[in-house]
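Please open the structure in your viewer and keep the selection tool at hand. The tour below goes from stop to stop, saying what to select and what is to be found there.

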There are 2 protein chains.
Amino acid sequence: MKVIAVGSIALDTIKTPFGEAKDVLGGSASYFSISASYFTSVGIIGVVGKDFPEEFLDLFRKMGIDTRGIKIEDGKTFRWVGEYGYDLGNPKTLDLQLNVFERFEPQVSDEMGNVEILFLAAIHPELQLEVMKKVNARLILSDTRDHWIKGERNKLLEVLKKTNGVLINEEEARMLSEEYNILKAARAIMKMGPEFLVIKRGEYGAVLFYKERIFYVPAYPLEVIFDPTGAGDSFAGGFAGFLAHTGDYSFDNIKKAVVYGSAMGSFAVEKFSVEGLINLNEGEILERAKKFREFVEFEL
Amino acid sequence: MKVIAVGSIALDTIKTPFGEAKDVLGGSASYFSISASYFTSVGIIGVVGKDFPEEFLDLFRKMGIDTRGIKIEDGKTFRWVGEYGYDLGNPKTLDLQLNVFERFEPQVSDEMGNVEILFLAAIHPELQLEVMKKVNARLILSDTRDHWIKGERNKLLEVLKKTNGVLINEEEARMLSEEYNILKAARAIMKMGPEFLVIKRGEYGAVLFYKERIFYVPAYPLEVIFDPTGAGDSFAGGFAGFLAHTGDYSFDNIKKAVVYGSAMGSFAVEKFSVEGLINLNEGEILERAKKFREFVEFEL
């Protein structure tokens, strides 16, 4: 395996202005791994309950994802019920049941001991630290969210110290750095440890900060964003998958990874749940990635 | 003259988290014309009161701006007192006195009859229509704001029918089109008349829509944005100034104009009032414009 992802696997019920989907596959590790599977070999570390549909495990396997790290425990799978408004911004959480995820103990098997990239999705920093200790990765990427920034700052700082690259939302970057200005925020976060940082800005695209260098990519223009859930994790999957496949961590290659990540994020939001990610081919992905160049190129 | 701008000339009092400036030069026509003056010959159509400092008229003249269209009327100049919060987003208007601007009657002299570009800043659509009738321009650019979208929609639609290119804020584009999605919004606005549209997104840069083609440019990354006032009008000045200078209205050239506009907008926000715009040279402007390419270029 080239990439290991540790994160949530969930059953989501999602309401958007365009419709509703009930008990569909969700969770950061799901979006991440399906997205990354187009670029490289991926394994998931996670937990589900006995109610987790076999068809979703089959889907992971069909995508070539190693599911041996998914523990099936007595109890129910993590469930989230969310509703998006017309602006498709931050969803309102209508219900959240951690269920088996509350007692999640990441299981790292021997064959997962050495990988190219370890992706730590936005879970408790304590768990992120635990997995870091067990997995020997060339590159560690981490994400986090407001909840841990507010409640587990010290643990999170420990994680960041050992992280090579952070992928984070703009709001969270501001909260973590206590800086409103995005350039100041990025510099403050890089001082916490990471060599690079990708700030995800939703409909405004993403920005890569790599030492003193900056790279912007817009969001792919879509007339209909069907379901924004998982956009960030799908971005991370394309990003990490491409990087792990190439094994090249230069600025130029990380820029490419940002573009592939943006392409994968745009596919994810075109349909409910992971539907937009499961029937792609390499040609489509490359074509969409190339579009990003068309959108920004100019001669002076 | 290659470019005529009609808009406000004001005395601004501005409070930002970084300081305060009292009775400084402001107004859409001021920012626009100073910015455009680096690219081409510009004239202003506007009105000020007897209290308008001679030094500001001298400044316009020093920048090579034709001030013969500025009427000096009995009474006081348009005054605006605004305060920006820490996010430097929409300012709070603490005081607004239209003064002589309330009875503004644009004066078009004969030598202003034929120009390359007419820029209609965000003033009453009735005035925009009046100036359109009197000026024979190869290209008409217009801006507007929430106030006219809400209160003078029909008149504004008349303006848009005769407008070649719209420059507008993102919020206003949504309000005008009644579409949240920016792509849908742009398409709806182009159906109202304009062949192209630039949506200004503040710290997220700008997007050009030209028929079915799209071009994104990020905002120039600045650690300190001193005073966001006039960023959009400075953008418009660089944009229109470059276009008028070249006389080329192809997509490729409009893209360049968006980049020059972005560069000028970034200079404007680095200092209070028009200070950031008045001591530039061509080399600096070109250098900053080139930076935009560095920020977005990548190879797949």
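**Salt bridges within a chain**

Begin by selecting B:D23 and B:K22, whose side chains meet in a salt bridge with an N to O distance of 3.6 Å; a salt bridge here is a side-chain nitrogen of Lys or Arg within 4 Å of a carboxyl oxygen of Asp or Glu. B:D23 is partly exposed, its relative accessible area being 29%, whereas B:K22 is exposed, at 62%; buried stands for under 20% relative accessible area, exposed for over 50%, and partly exposed for what lies in between (1.4 Å probe, protein chains only).

Before going on, note that this is a predicted model, in which local features need pLDDT of at least 70 and side-chain atom pairs count only at pLDDT 80 or more, while totals for chains, interfaces and linings use all residues. Residues are numbered from 1 along each chain as its sequence is written, chains are lettered from A and ligands numbered from 1 in the order in which they are written, and side-chain values use heavy atoms, with hydrogens and water left out.

Select next B:D74 and B:K50, which form a salt bridge with their closest N and O atoms 3.0 Å apart. This pair links distant parts of the chain, 24 residues apart, with B:D74 in the loop between β5 (70-73) and β6 (78-83) of chain B and B:K50 in the loop between β4 (42-49) and α2 (54-62) of chain B; helices (H or I, at least four residues) and strands (E, at least two) are DSSP runs, numbered from the N terminus. B:D74 is exposed, at 58%, and B:K50 is exposed as well, at 57%.

Turning to chain A, select A:K22, A:D23, A:D51 and A:R79, which are linked in a network of salt bridges.

**A buried phenylalanine**

Now select A:F78, which lies in strand β6 (residues 78-83) of chain A and is buried, with a relative accessible area of 12%. Which residues are in contact with A:F78, leaving aside its neighbours within four places in sequence? Among them are A:I9, A:L11, A:L96, A:L98 and A:F101, where contact means heavy atoms within 4.5 Å.

**The nonpolar core**

In soluble globular proteins, nonpolar side chains tend to be buried together. The largest nonpolar core in this model has 172 residues, and those with the most contacts inside it are A:I34, A:F60, A:F239, B:I34, B:F60 and B:F239; such a core is a set of buried Ala, Val, Leu, Ile, Met, Phe, Trp, Tyr and Cys residues joined through side-chain atoms within 4.5 Å. If you select B:F239 and leave aside its neighbours within four places in sequence, its contacts include B:L141, B:L167, B:F196 and B:I254.

**Where the chains meet**

Finally, colour the two chains apart and look at their contact, which takes 38 residues from chain A and 38 residues from chain B. Between them the chains bury about 3800 Å², 58% of it on carbon and sulfur atoms, buried area being the accessible area (1.4 Å probe) that two parts lose on being put together, summed over both. Across this interface there are 8 salt bridges; one to select is that of B:R174 with A:E203, whose closest N and O atoms are 3.0 Å apart.

On chain A, the elements that each supply at least two residues of the side touching chain B are α6 (170-177), α7 (182-191), β13 (213-217), α9 (251-268) and α10 (282-296), and α10(A) gives the most to that side, with 8 residues.
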